Amino acid sequence: MQTVFDAIKSESTRKEGERESGRSTRLADLPGMHEIKSMLQEEVIAPLRNPEEFKRYRIEIPNGVLMYGPPGCGKTFIAQHLAADLGYKFFEVSPSDVGSSYVHGTVMKIREIFESASRNAPAMLFVDEFEGMVPARRELGGRQQFKAEEVNEWLVQIGNCAERRILFVAATNEPWAIDDAVKRTGRLDKKVFIGPPDREAISEMLLHHLAGRPITSKEDVNCFSLTLVGKGYSASDLKVLADEAAKLAMKERADISPTHLSTAADQKVPPSISREQLDVYLSFGR
């Protein structure tokens, strides 16, 4: 019978295969996002690589990271690159990995995941949709007491990750829904906003998605990218945009041009992130 951690370990093995295939996985190779990459280099990677130096100045080693922001902006992708940069095994945990129909079953699965990660350390445990696993306990009803027990188990396990050489990284689209005790310093020490791609990232992502397709020129794509800055396009939106522009160009048997990209943006692919949504995320980080 496959255990919870067997499934997670298979995911790690797949990621290793991708890295061995020659795909670039270093943070420095991510397009744009210079502020995010600099923060992760200075406040996560540096202390984990040189723990003695930081301990000498009584600076705590990071225990956990909370990545938050709108859907489709690359939280999982960044976490994978962070693990590769550190040389850590990457284990991805989804809600289905810890779900159980038995009373206390989820608590046991959570414990098993952390114990297994400790045996495979140094490791990164990446948990997506974290808000559903650790909801604010003050809002739970009496019949949801089992959920409070699960939140308590997450608190216990996250609390000493650094000692076990585990970097815990959680991702969420709803950071305000997470229990306050989980978010406090000592558990999730670093909070990183992953927002819409910046101008450089937009350009490089579009060129990546258009690679191998007929385009008028890279310069045309770079110029078009300027028109998308600040409009709320997510990383996943850009892939759909490239696909739709390609369909338009194919109908004309023409190279993909800024006109095709602009038409696709206007008629097929509106930005998925509104200014109001972005303001809510930015206010959370203040």
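Hi everyone, let me start at P122, which sits in the loop between α6 and β3; helices here are DSSP runs of H or I with at least four residues, strands are runs of E with at least two, and both are numbered from the N terminus. The peptide bond leading from A121 into P122 is cis, with omega near 0 degrees. As background, most peptide bonds are trans, and most residues other than glycine have a negative phi.

A quick word on the source. This is a predicted model, in which local features need pLDDT of at least 70 and side-chain atom pairs count only at pLDDT 80 or more, while totals for chains, interfaces and linings use all residues. Residues are numbered from 1 along each chain as its sequence is written, and side-chain values use heavy atoms, with hydrogens and water left out.

Now to phi. R58 is not a glycine, yet its phi is positive, at about 55 degrees. You'll find R58 in the loop between α3 (51–56) and β1. Is R58 buried or exposed? R58 is exposed, at a relative accessible area of 78%; buried means under 20% relative accessible area, exposed over 50%, and partly exposed in between, using a 1.4 Å probe and protein chains only. R253 is another residue other than glycine with a positive phi, near 55 degrees. R253 belongs to the loop between α11 (235–252) and α12 (258–267), and R253 is exposed, with a relative accessible area of 81%.

Back in the loop between α3 and β1, please look at N63. N63 is buried, with a relative accessible area of 4%. Setting aside residues up to four places away in sequence, N63 touches I158, G159, N160, C161, A162, I166, L167, F168, G186, R187 and D189; contact means heavy atoms within 4.5 Å.

On to the helix pairs. Two packed helices are described by the angle between their axes and the distance between the axes. Axes are lines fitted to C-alpha atoms, for helices over the stretch in contact, and the angles run from 0 to 180 degrees between N-to-C directions.

The axes of α6 (residues 105–119) and α7 (residues 145–158) come within 9 Å and cross at roughly 15 degrees. That makes α6 roughly parallel to α7; angles under 35 degrees count as roughly parallel, over 145 as roughly antiparallel, 65 to 115 as roughly perpendicular, and the rest as oblique. The crossing of α6 and α7 is right-handed, meaning that the near helix is turned clockwise from the far one by less than a right angle, with anticlockwise giving left-handed.

Which residues of α6 meet α7? They are T106, V107, I110, R111 and F114, and they meet E149, E150, E153, W154, Q157 and I158 in α7. By type, this contact holds five nonpolar, two polar and four charged residues. Ala, Val, Leu, Ile, Met, Phe, Trp, Tyr, Cys and Pro count as nonpolar, Asp, Glu, Lys and Arg as charged, and the others, Gly among them, as polar.

The other pair is α2 and α4, which pack at an angle of about 35 degrees with their axes 10 Å apart. Their crossing is right-handed. From α2 come L40, Q41, V44, I45, L48 and R49, and from α4 come I78, L82, D85 and L86. That contact divides into seven nonpolar, one polar and two charged residues.

Within α4, L86 is buried, with a relative accessible area of 13%. Beyond its neighbours within four places in sequence, L86 is in contact with I45, L48, R49 and L167.

Last stop, the cores. A nonpolar core is a set of buried Ala, Val, Leu, Ile, Met, Phe, Trp, Tyr and Cys residues joined through side-chain atoms within 4.5 Å. The largest has 30 residues, and L40, M67, L82 and L167 touch the most other members. Two or more residues each come from α2 (34–49), β1 (64–68), α4 (75–86), β3 (123–127) and β4 (166–172). The largest share, six residues, is from α2. Apart from this core lies another, of 25 residues, including F114, V151, I166 and A170.

I'll finish with M67, in strand β1. M67 counts as buried, at 0% relative accessibility. How far apart in sequence are M67 and A171? They are 104 residues apart in sequence and 4.7 Å apart in space, C-alpha to C-alpha. Thanks, everyone!
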